[in-house]
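Thanks, everyone. I will take the charged pairs to begin with, then the strands, and I will keep to what can be read off the coordinates. Please have the structure open while I talk.

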Amino acid sequence: EKTSDEEYKLVFKAEIDKGWAIYSQHIDDGGPVPTEFTFESYDGIDLVGKVIEPQEVEQLYDEIFDMDLIKIKGTPAFYQMVKLNSDSSTVKGFLTYMSCDDSKCLPPTDVEFEFVLQE
């Protein structure tokens, strides 16, 4: 989403099956794999701040990990603000997430992303 002449909001939308959740980027050691965004290639832009999580989260004690966790469910959107410093740029990378239900977890998964930005 273009927010000004030089700034864009990169939006990462998720569709999480009912009964399942992914985890916050901010998880203490010893817990599940946190959601993580890795920007590998972004010549021509500056990252502005860090990836922002959705505000609608569930913070609760998790019996599987024996700790308090921030779970994200439903159809959340994460976003990263960027500033374009050239006529165009391609932003590439991947995100890592782990999903669990009330009894089991799936192995961490990587999903590649690519955004093409033009002035």
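A search of the whole structure finds 4 salt bridges, where a salt bridge is a side-chain nitrogen of Lys or Arg within 4 Å of a carboxyl oxygen of Asp or Glu. Before going through some of them, the ground rules. This is a predicted model, in which local features need pLDDT of at least 70 and side-chain atom pairs count only at pLDDT 80 or more, while totals for chains, interfaces and linings use all residues. Residues are numbered from 1 along each chain as its sequence is written, and side-chain values use heavy atoms, with hydrogens and water left out.

Start with Lys83 and Glu6. Their side chains meet in a salt bridge at 3.7 Å, N to O. This pair links distant parts of the chain, 77 residues apart: Lys83 is in strand S7 (residues 77–84), and Glu6 is in the segment before strand S1 (7–13). Strands here are DSSP runs of E, at least two residues long, numbered from the N terminus. How exposed are the two partners? Lys83 has 32% relative accessibility and counts as partly exposed; Glu6, at 38%, is partly exposed as well. For the cut-offs, buried means under 20% relative accessible area, exposed means over 50%, and partly exposed is in between, with a 1.4 Å probe and protein chains only.

Next, Glu58 and Lys73. The closest N and O atoms of this salt bridge are 3.2 Å apart. Again the pair links distant parts of the chain, here 15 residues apart, with Glu58 in strand S5 (residues 58–62) and Lys73 in the loop between strand S6 (67–72) and S7. Glu58 is partly exposed at 29% relative accessibility, and Lys73 is partly exposed at 40%.

Then there is Asp101 with Lys104, a salt bridge at 2.9 Å, N to O.

S5 and S6 run antiparallel and are joined by 5 bridges; two strands pair if DSSP finds at least two bridges between them. Leu60 stands opposite Leu69 in S6. The two strands form a hairpin with 4 residues between them. Asp66 lies in the loop between S5 and S6, and its phi is near 55°, a positive value in a residue other than glycine. With a relative accessible area of 55%, Asp66 is exposed.

S6 has another partner to look at. Strand S2 (residues 22–23) is joined to S6 by 2 bridges, and they run antiparallel. Tyr23 stands opposite Lys71 in S6.

Last, the open sheet. It is formed by 3 strands in the order S3-S8-S9, and the pairing is antiparallel. Strand S3 (36–41) and strand S9 (109–118) are the edge strands, each pairing on one side only. From one strand to the next, the twist averages 25°; axes are lines fitted to C-alpha atoms, and angles run from 0 to 180 degrees between N-to-C directions. How many bridges join S3 to strand S8 (residues 88–97)? There are 5 bridges, and the two strands run antiparallel. In this pairing, Phe39 stands opposite Gly93 in S8. As a general point for reading the view, in a regular strand the side chains alternate between the two faces of the sheet.
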